[in-house]
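This report describes selected features of one protein model. Please consult the sequence and the structure alongside the text.

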Amino acid sequence: MKETFMTKLLERECSDYAIRLRSYRELYSDRSVVKNLDIVNELAGHSGCVNALSWSKSGALLASGSDDQHLNIHRYQAPDGEKQFQLATTVATGHTANIFSVKFMPHSQDRTVITAAGDNEVRVFDLEYAGQSRTASAASSMATEGRRRGRNNVYDGVRYMNDGDTDCRVYRSHGDRVKRIVTESSPHLFLTCSEDGEVRQWDLRQPSSAYPSSRGGGNVPPPLISYTRFNLSLNSISCSGSQPHYIALGGGHLHAFLHDRRMTGRDRGHEAGAAGSRPLTAGEEDQMGDATRCVRKFAPNGQPKMQGRDNGHITALKSSDARPYEMIVSWSGDHIYSFDLIREAEGTASQDKTAAGRKGSRTVGESLLRKRKRRTGPERNQTINESTNAPTADGSASLRIRYQNGQEEQISIPNPEYLSQDALGLLTNKQREAQRLAKATVRIRKSLFNPDGETGVSAARYTTALGHCASILSDLDRVGQEWTYPMDPTPSEVSKQHILRLDRESTRRLVQTAGVLSRVLGGRLQTPSGTTSPLVVPFTAVEARRNDLPPSQAELFGHDFLKAITLWLDSGLGRLIE
């Protein structure tokens, strides 16, 4: 019998994880799924190409930006309307070029919207502004008149606004087209990237005069990140709300750059005395001190360096909000790739060790239009390991496999001497993994509370515990995501699965909280280059439970108490009060 899409999907869910990973990838592009995709709505209101969409935090509003220089607000499932989407507001923004990005500001009750456009400007609108209106700008009036003369209709029940009656603020410090906006958890701060190679942070509490044009010779604030010296344009930026210190950038380069705003910038080419590296001016020194440092780079197939014949560039990238250490990147003329920042960090460390002593070379035909910073030391001498065997603390080993698409996978190989022959014959792969995670959890508890032969407090003790936590947290998340439930379960099976789910959640919270405590008490994980390892990213703060079950009062108290203690130890009394 010929297998259908549904039978293949059922086999995937019921099969072993390793088999699923290799044999069922074609399901994601199955023709039966693609053919079933259809248009369910067409939203009218624009008279030009629509370049940007953004949902509000509540999910009730959808903002769109277009080549017609207008911002439209669509209401989703309005209580007084029969249509799924209803055009509620249209704003003549005053931009003089195409709008490339729109965003709702968080914690603004969906009333503050930001736009970025090809006229080098960032504009901020208050949709519920009740103060005294100003006269609309000439660009806003011309755009409105152009729509009236064109094909655009006038809709009943729609608010027609302009930059005068929305208290519009205009920030002009970028020197080229502004391509993307990214918001944080703050109601006042947001970031933008531009083709001038700069990332800028803006504060809504500042007036328009605080951000003058970079071409007018005014007192322009320094950028947060700048690639201007290297003639590198930026057209995509992403920042996870739960880890705002990591900023991912993409543009006219083969690599996606990951920056950490907690680290100040460095000119490695000048430090190494690279040929053609001129000394920085006083202004550039100040900007470099304020800028953040690139801590990691990503490319298809793990390519460590961009060659002169490479012409690929990044069209879009996005960091996961739920899992901030995961990122997807789309390359022009290539595929969309997914990267795990933690596993990539481990791969980079092994590459640095195997590549010592080798010398790189500069391609003769390297493009002069895109000058790149020359890498030195371990960064410049990276190669790719096909596989690596690494013994673990319990005597087992792991095999690291790198696929042709640049992804990596670590497969555990159990040690036959670790379990008895009877146990080997009885335990399944999932049971062996559960036993390994359980033993690792016991080692975490022992490192924190029952250290062998230690009478005082030692930073090494907490570093050991932090390392154990970082080694199994991602595995715990994977187990929770891949857990399958039986079909037509009995009441006793339902009760058993409920208990197992609570146990998995409790173990995950224990490991995450132990990692946070270990970090704030002095535990450190570093890369071979001496920088802080991305493995500590999930241990920034104590997290609440992730399931939909209501927590008990004791659990709420324990979560708030541990979070307050770690905030006080990590950032002081001021952060705790805040």
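A residue counts as buried under 20% relative accessible area, as exposed over 50%, and as partly exposed in between, with a 1.4 Å probe and protein chains only. The model is a predicted one, in which local features need pLDDT of at least 70 and side-chain atom pairs count only at pLDDT 80 or more, while totals for chains, interfaces and linings use all residues. Residues are numbered from 1 along each chain as its sequence is written, and side-chain values use heavy atoms, with hydrogens and water left out.

**Overall composition**

The protein has 578 residues, 41% of which count as buried. Its secondary structure comprises 13 helices and 23 strands; helices (H or I, at least four residues) and strands (E, at least two) are DSSP runs numbered from the N terminus. The accessible surface is about 31700 Å², and carbon and sulfur atoms account for 53% of this area; the areas come from the Shrake-Rupley method with a 1.4 Å probe. Among contacts (heavy atoms within 4.5 Å) between residues at least 6 apart in sequence, 59% join residues at least 24 apart.

**The open sheet**

An open sheet is formed by five strands in the order β1-β2-β3-β4-β8, with mixed pairing; two strands pair if DSSP finds at least two bridges between them. Strands β1 (50–55) and β8 (159–162) are the edges, each pairing on one side only. From one strand to the next, the twist averages 25 degrees. Strand β4 (residues 85–92) runs parallel to β8 and is joined to it by four bridges. Thr-89 stands opposite Arg-159 of β8. In general, the strands of a sheet pair through backbone hydrogen bonds, either parallel or antiparallel.

**Strand β12 and its partners**

Strand β12 (residues 198–203) is largely enclosed by the rest of the structure, because five of its six residues are buried. Strand β11 (residues 189–194) pairs with β12 in the antiparallel sense over five bridges, and Leu-191 has Gln-201 of β12 as its bridge partner. The two strands form a hairpin with three residues between them, and Gly-197 in the turn has a positive phi of about 85 degrees. Strand β12 also pairs with β13 (residues 225–226), again in the antiparallel sense, over two bridges. There, Val-199 has Ile-225 of β13 as its bridge partner.

**Packing of α9 against α11**

How do helix α9 and helix α11 pack, and at what angle? Helix α9 (residues 429–449) and helix α11 (residues 491–520) pack at about 35 degrees with their axes 11 Å apart. Axes are lines fitted to C-alpha atoms, for helices over the stretch in contact, and angles run from 0 to 180 degrees between N-to-C directions. Thr-441, Ile-444 and Leu-448 of α9 make the contact with Thr-507, Leu-510, Val-511, Ala-514 and Ser-518 of α11. These residues divide into five nonpolar, three polar and no charged; Ala, Val, Leu, Ile, Met, Phe, Trp, Tyr, Cys and Pro count as nonpolar, Asp, Glu, Lys and Arg as charged, and the others, Gly among them, as polar.
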